[in-house]
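Trainee: I would like a close look at one part of this model, and then at how the rest is put together. Please keep it plain.

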Amino acid sequence: MPRPATSETLPPRRYGGAVRIGAHVRAGGDLVGALERGDAIGADVVQVFTQSPRAWKPTQYSPEVLDSYLAAQSQHPRVTATFCHATYLINLATSDPDLLERSRACLAANLAVARGMGASGLVLHIGSHKGLGFDGCVPQVVAALTEAVATGAAGRDCGSPCPILLENAAGAGGTVGRSFDELAAVLERADLGPELGICLDTQHLWASGIAFASVAEADAVVAHIDATVGLDRLSCIHLNDSKVPFGANRDRHENIGQGTIGSAGLGALLGHPALADVPAILEVPGAGDGPRLEDVAAARHALEVGLALRG
Ligand SMILES: [Zn+2]
Ligand SMILES: [Zn+2]
């Protein structure tokens, strides 16, 4: 059988120069349509859910559908990369054995789709431990990540690496990943090399009480990330303003420039020279249906403000 379009036909994953601004786009079972919507709003990178984010039932994509996504991506060269976001129901830190089992299966299914469509990473909220405590949940989190990577490696391979990217948490009720030390501990224990990385969400960072809205604070955060998880592990940023105040420990995204962080605060971080190759993906509400053209423009404006702050 002839090999279909693969990642070899896709544009390079990393490029120097301006920060790539991406957007989460609704897929609803139509991956190519999501890519086209991302392109239409000027996104350099898109993020999609591989299945309904609040249901366990996996969406079954045939190899043909995944191939058509790869082909579509090569036809939309503006979109340089796709990231996937795992299902919100997954909780690898739970003490409930049934929930853990469903979570493990769901993560493996999500990763299989992400790999099949040539994604550059699958973003995951690790989950929340109730009773187990952080140290108590780490072994099962590590086991689940290791299993998902092994299962995914046996599936369809488009030749591009697709790490699981652990996202920092806003810090509500025992969520794992509220600090870079926690994420570093999971990365270190899992020892999965490039199969595991990090996604940094600016709203979660703000809500978890880590300041970055001045150049000095942003520099300190970037240095801290490098000292804990390592900057080479940071594959993408989720660029969101915040509906809730600093340290509020709640996950509430706001449009860029309309929240408690503001354009200059987001820009201070986004303009850091060490983050120039890390795509920044919007997960903002827009007018209620996700990022729009003007949200992508607002993100580019925040970047310009940040670069100006740094002279
Ligand atoms: Zn997330
Ligand atoms: Zn996020």
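Where is Asn249 found?

Mentor: This is a predicted model. Asn249 is found in the loop between strand 8 (241-242) and strand 9 (253-254). Its phi is near 60°, a positive value in a residue other than glycine. Most residues other than glycine have a negative phi. Asn249 has a relative accessible area of 31%, so it counts as partly exposed, the class between 20% and 50%.

Asp191 can be set beside it. The phi of Asp191 is near 50°, again positive in a residue that is not glycine. Asp191 sits in the loop between helix 5 (180-190) and strand 6 (196-201). With a relative accessible area of 64%, Asp191 is exposed.

Next, the metal site. The zinc ion (ligand 1) is 3.3 Å from the zinc ion (ligand 2), and Glu167 coordinates both. His85 belongs to strand 3 (residues 81-85) and Glu167 to strand 5 (residues 164-167), so this pair ties together parts that are 82 residues apart in sequence. The relative accessible area of His85 is 2%, which makes His85 buried. Glu167 is likewise at 2% relative accessibility and counts as buried.

Now the nonpolar interior. In soluble globular proteins, nonpolar side chains tend to be buried together. In this model the largest nonpolar core has 82 residues, and those touching the most other members are Leu92, Leu107, Leu124, Leu145, Ile164 and Leu166. Helix 4 (residues 133-154) gives the most to this core, with nine residues. Leaving aside residues up to four places away in sequence, Leu145 touches Leu92, Leu107, Leu124, Ile164 and Leu166, and also Val186, Leu192 and Leu196. Apart from this core lies another, of eight residues, including Ala81, Phe83, Leu165 and Ile281.

One helix pair can be described in more detail. The axes of helix 1 (residues 31-40) and helix 2 (residues 63-75) come within 9 Å of each other and cross at roughly 20°. That angle makes helix 1 roughly parallel to helix 2, since angles under 35 degrees count as roughly parallel. The crossing of these two helices is right-handed. At the contact, Leu31, Val32 and Leu35 of helix 1 meet Leu66, Ser68, Tyr69, Ala72 and Gln73 of helix 2.

Helix 2 also holds Glu64. At 58% relative accessibility, Glu64 counts as exposed. The C-alpha atoms of Glu64 and Gly259 are separated by 42 Å, and the two residues are 195 residues apart along the chain.

To return to the request: Asn249 is a loop residue between strand 8 and strand 9, with a positive phi near 60°.

Definitions and conventions. Residues numbered from 1 in each chain as written. Chains lettered and ligands numbered in written order. Predicted model: local features only at pLDDT ≥ 70, side-chain atom pairs only at ≥ 80, totals over all residues. Heavy atoms only, no water. Core = buried A, V, L, I, M, F, W, Y, C linked by side-chain atoms within 4.5 Å. Buried < 20%, exposed > 50% of the residue type's maximum accessible area, 1.4 Å probe, protein only. Helix = DSSP H or I, 4+ residues; strand = E, 2+ residues; numbered from the N terminus. Contact = heavy atoms within 4.5 Å. Donors = N, O, S within 2.8 Å, 3.2 Å for Na, K, Ca; no water. Axes fitted to C-alpha atoms, helices over the stretch in contact; angles between N-to-C directions. Parallel < 35°, antiparallel > 145°, perpendicular 65-115°, else oblique. Left-handed = near helix turned anticlockwise from the far one by under 90°.
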